[in-house]
Amino acid sequence: MACLSDIDLATLHENRLEQRWHYGLPNSDHLYHQHHHHYHQHDGFSPITRLCLERNLQKKLRQRDFNGNCLHRDSDTDASGLAAGMQRRRSGTWPRTRSLNAPSPVQQFGPCGRIMKNSAMVMQIQDPASQRLTWYKPPLTVLVIKKVSDASVLAPFVQLVDWLLQEKNMVVWVESAVLDDALLNENLRFKAIRNMLVTFKDGRDDLTDRIDFIVCLGGDGTLLYASLLFQQSVPPVMAFHLGSLGFLTPFRFDNFQEQLTSVLEGHAALTLRSRLRCVMHRRGERKHEAKVQELDPTDADARPVANSILVLNEVVIDRGPSPYLSNIDLFLDGKYITSVQGDGLIVSTPTGSTAYAAAAGASMIHPSVPAIMVTPICPHSLSFRPIVVPAGVELKISVSPESRNTSWVSFDGRNRQELFHGDSLRVTTSIYPVPCICAQDQISDWFASLADGLHWNVRKRQKCLDELSDLTASGSEDTLDEIENMKLYDV
């Protein structure tokens, strides 16, 4: 399996030339000969390396910038200006010198063994750290999703919509229920722009290929709602933290104009959050299921099924109102794995691993890891631990024939429905992820969310030995009895 990265050697080489130049390497032949001996003693460059580096730097000095002007780096001011421009064009830690994917494994094992070559199984996997947003045409339509029943979001919502309409000349879409908000309609600024908004109704209007960009104002629920609205390709999502937890909303609203302008210009990193494709198969649909299996399985997501849904967090199978244990059979790629006897089962994405699954005792997985997590809910077993399976498998979940009751299924906390005997739920990874825009980069955003949202690994620091007066006051040769005698003598 080969690893394909957008960070090529030319880009990496150019970045290293920039770094070496900022450390004061002379950039002319005169300075080079004059200070050759001095720099050679301190920077560790060999004469051949220095000559190649100097030649490449001179070649870069003759290049032109984006406006056609010649680049001059004769002063610290020009250098700082160029560095600022590079920082604006490249948000986050980029380019990286190491891929987030694991290195490609060796193909030979010992003197004789090796992996059998199969060209059909070779995959090109892009480095998640190199996933950058680009627009092949300027975005025109933007969907603004705000948190419902929250008065604190109204003022930022009006400010954002007015700025998008007046400053960016964009077509702004909102849900029709937003216009029914009584407090919002009392806002004089909103009244002036109300008729300029385009509305839609959830469940009736199809937004496929009509929205270029999504902005969420609120908590994690706004991002889940955006995922629900787009059951196939999802436009890039920029989420502002105006809710409670805010684990999936990395942006702050204070300087939204600058942040949005940078994103609209294509200066942002992306986290592709995978989704699960869930298909319900009822007992009376055997013939339809057989016809579906005859089609090309690689094109499954391209054929919308009436009873299928894509989820961003998790699909939950539980016992519902029944007092009995759930008895659920779990299959992986058609093979029976185990039966779940307990309150239920959680099948989650890496994004959902920090939601319900985390409360049920599962590990937290970075969203760039291709995987599906299976977590039991209060299993009546001391050895049933959460498991992580490859993202490409298909899970089949059905009510066991010996079960005393039916089960209930919910998708990202919505569309709750009953799973009867003979029914089955098939779950696999969808080809349509949710492209979430990073505030910094994939790694920094995730660990910042763990620290801010869940207070991950927060505890008081252990004191060093110097702070323990009882120990430092005694010598290393003092015994415990001598220390106790000293305390008694002091009393």
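1. Helices here are DSSP runs of H or I with at least four residues, numbered from the N terminus. On that basis Asp220 belongs to helix α9, residues 220-229. Please keep in mind that the model is predicted.

2. Asp220 is buried but makes no salt bridge. The nearest side chain of opposite charge is that of Arg273, 8.1 Å away; a salt bridge would require a side-chain nitrogen within 4 Å of a carboxyl oxygen. A polar atom of the Asp220 side chain does lie 2.7 Å from the backbone nitrogen of Leu248. Beyond its neighbours within four places in sequence, Asp220 is in contact with Leu245, Gly246, Phe247, Leu248 and Thr249.

3. The structure holds seven salt bridges. One of them pairs Asp423 with Arg282, with the closest N and O atoms 2.8 Å apart. This pair links distant parts of the chain, 141 residues apart: Asp423 is in the loop between β20 and β21, and Arg282 in the loop between β11 and α11. Asp423 is buried at 5% relative accessibility, whereas Arg282 is partly exposed at 23%.

4. Asp318 forms a salt bridge with Arg416, again with a closest N and O separation of 2.8 Å. Asp318 sits in strand β13 and Arg416 in strand β20, 98 residues apart. Relative accessible area is 15% for Asp318, which is buried; Arg416, at 44%, is partly exposed.

5. The disulfide count is zero. For Cys438, the closest cysteine sulfur is that of Cys436, 8.1 Å away and so too far for a bond. Cys438 is buried, at 4% relative accessibility, while Cys112 is exposed at 74%.

Key. Residues numbered from 1 in each chain as written. Predicted model: local features only at pLDDT ≥ 70, side-chain atom pairs only at ≥ 80, totals over all residues. Heavy atoms only, no water. Helix = DSSP H or I, 4+ residues; strand = E, 2+ residues; numbered from the N terminus. Buried < 20%, exposed > 50% of the residue type's maximum accessible area, 1.4 Å probe, protein only. Lys, Arg positive; Asp, Glu negative; His and termini not counted. Polar contact = N/O pair within 3.5 Å; in protein donor to acceptor, adjacent residues only side chain to side chain. Contact = heavy atoms within 4.5 Å. Disulfide = S-S within 2.5 Å.
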